[in-house]
Amino acid sequence: MTKPAQMAQRYHVFSLPPELLETLTPRNLISRPPPPEVSTLVQISVPPVSDNARACNICLGATFADVTEQRSHFRSDWHRYNVKIRLRGGSPVTEPAFGQLVDGLEDSLSGSASSDESSDDSDAVKALVSKIKRTSRSSSPSEERQTPLTAVTWFHSPPSTQIGVYRMLFPIDTPAPSYLAELKSIQERVEGGRKWAMFMVAGGHFAGAIVEVSRPAEDQDSVVSAKAKKKLLKPKPETSILKHKTFHRYTTRRKQGGSQSVNDNSKGAAISAGATLRRYGEQALRDDIRNLLLDWADDIQDCERIWLRASVSNRRIFLDYENCVINKGDDRLRTFPFPTRRPTQSELVRCLLELTQVKTSRLTEEALRAQDEAFLASKPKPKATPSSAPAPAPEKAKPQRLSKEEEAYREKWSRLLDMISKGRSEPLKSFWEREGASLGGVDALIPEWTGDKRVSLLQVAVQSGQEDVTRWLLYELHADPTIIVPSSGVHQEDKAANESDASNAPLQGAGSRRTAYDLARTRAVRDVFRQCAGDHPDWWDWLGAARVPSTFNQEKEEARDEKKKQRKKGLKEKMREREAKEREREGKQTDIDDEQVEAKPELRSQDPTAPRKLGGSSGAADSIVGLTVELRAKVERERRARAAEARLSILTGARR
């Protein structure tokens, strides 16, 4: 056979050439480095531990002639190495074994006899300890960078041949290193041949077959005898279909997907003729398949593998029913390890060839190693576990425990601010008589722990819009109106207050000095300040520090209110006069139109044969000059109606 023919040859998984099987190795061993050679140390008899005072129990009972030799031993690398290994839970070594370890290092140092007393551990001891740490540390699964498990397992035959076989052909519990042994074992012929059962069901379509994937042993003997007799026989194919069956039932709505039973379970039973037909089709399909399995029961029992392609709901057709032919936990059950199309006989044949024909590739060992290196480089590196313990989370600051006096003091302030904000005057006065002195007086600054941006009780009452509370604070408690409002505290609320009522409200800039008066949202609250300034001008600097624009004068306020009333009254009278004039003008226009309409019939009655013109007289356009569009349309409609009535009356009179 020529080389191109060998390249194009497709091997059958149950009849591989013996010369190929002998050279196969698992593909995943090609890229792995050879295991490191473990240097075996010379086994030296361990001396017993001595009870002598001049002996080292750590270094396996080493004894010394004098104190100088003992001290020199304690400074040696051998002793320090054994101490470190002992602390790490290891076993100490003898001096010859330690010498072999030092010789195994690439850059070893000389013995420690010449080492200085004050020097630290030598590089040899450090290197040996770190080496023992690396080798003794067990590799975790996350640190091992293994080849991912795929549907096809590959084998390599030097120099440049690789074959791939689906793992589903082997027993389920077969480990990866045993795949090659299983591949060699399935090459043996069995009595009666190897048989498979293949079933597919989807969308109401079913296809099933019993196939022979390997010829029986007696056929192989007949081939050998024919060769001995030098007779040329036509070779039998390795695979053959023994039984097959396909049928279809209407179970799925066209272009919708999903069976009718699944749709009923999710959305409820549909009431339609099509749904009834699909339910009947599902029942008929289930009965047909189970009857077929019962007919093929003997052949299915002889099968080595049972290949099944079905959804979760369709698997119940084959499994989990009374007197089922295929048990649910059967070790022979397999699913197709590749995508399949609509269940037909031709699709079963294609799947059979896909499973039994071996995948081949032609790559050299250098190309395989380069491929492995590229694959390992593309994999993400495992994250190194931090050796040091994670830093403890910072402890949260514990809330400061308050004494009973402090809790009572805070409760008083909370109640006071709540009553002022809600305008509860009577409870506020009673509370202030009892607790006012203990809280620091009316001008006491509000504590910061309350979270309030305002600094005085007067500012709280003014911004809350409580007129009565503001009056009580100013008149009875003499609250200070000159206390400055913090610039960042209530700027936004102050802006909203100025926009709510602009009358007599001073315009404030973003960085200007503000007081309680500037926080007033309504005119009534501002009038309380102006009235108090007018009644008691000597209490505070009202017009300066308190920023009150003017004092309250009852006569001026009444005069101003009277002017507003007169202005409103004058506007109402002007509106009435304008409406009267419009009505009078409309009446005059109506009279003029009536006269014009009455004059037209008289002229026409004199000469009935004279031509008549629609739209009235020539002066009609001048009569609607100065009117609005609505009035013009109204006048025009009335004019046309009267003209029509006049024409009808003339015609009626002429006929009589």
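Are Tyr517 and Phe529 buried or exposed? Both Tyr517 and Phe529 are buried, where buried means under 20% relative accessible area, exposed over 50% and partly exposed in between, with a 1.4 Å probe and protein chains only.

## Basis of the model

This is a predicted model, in which local features need pLDDT of at least 70 and side-chain atom pairs count only at pLDDT 80 or more, while totals for chains, interfaces and linings use all residues. Residues are numbered from 1 along each chain as its sequence is written, and side-chain values use heavy atoms, with hydrogens and water left out.

## Aromatic pairs

The structure holds twelve aromatic pairs; rings of Phe, Tyr and Trp (its six-membered ring) pair if their centres lie within 6.5 Å, and planes under 30 degrees apart count as stacked, over 60 as edge-to-face and the rest as tilted. Phe206 and Phe247 are stacked, at 4.8 Å centre to centre with 25° between the planes. This pair links strand β7 with strand β8, across 41 residues, and Phe206 and Phe247 are buried.

Tyr517 and Phe529 are edge-to-face, at 5.7 Å and 80°. Tyr517 lies in the loop between α19 and α20 and Phe529 in helix α20, so the pair ties together parts twelve residues apart in sequence.

## Strands and sheet

The chain has 23 helices and eleven strands, taken as DSSP runs (H or I, at least four residues, for helices; E, at least two, for strands) numbered from the N terminus. An open sheet has the order β1-β4-β5-β11 with antiparallel pairing, where two strands pair if DSSP finds at least two bridges between them. β1 and β11 stand at the edges, each with a single partner strand, so one side of each is left without a neighbour in the sheet.
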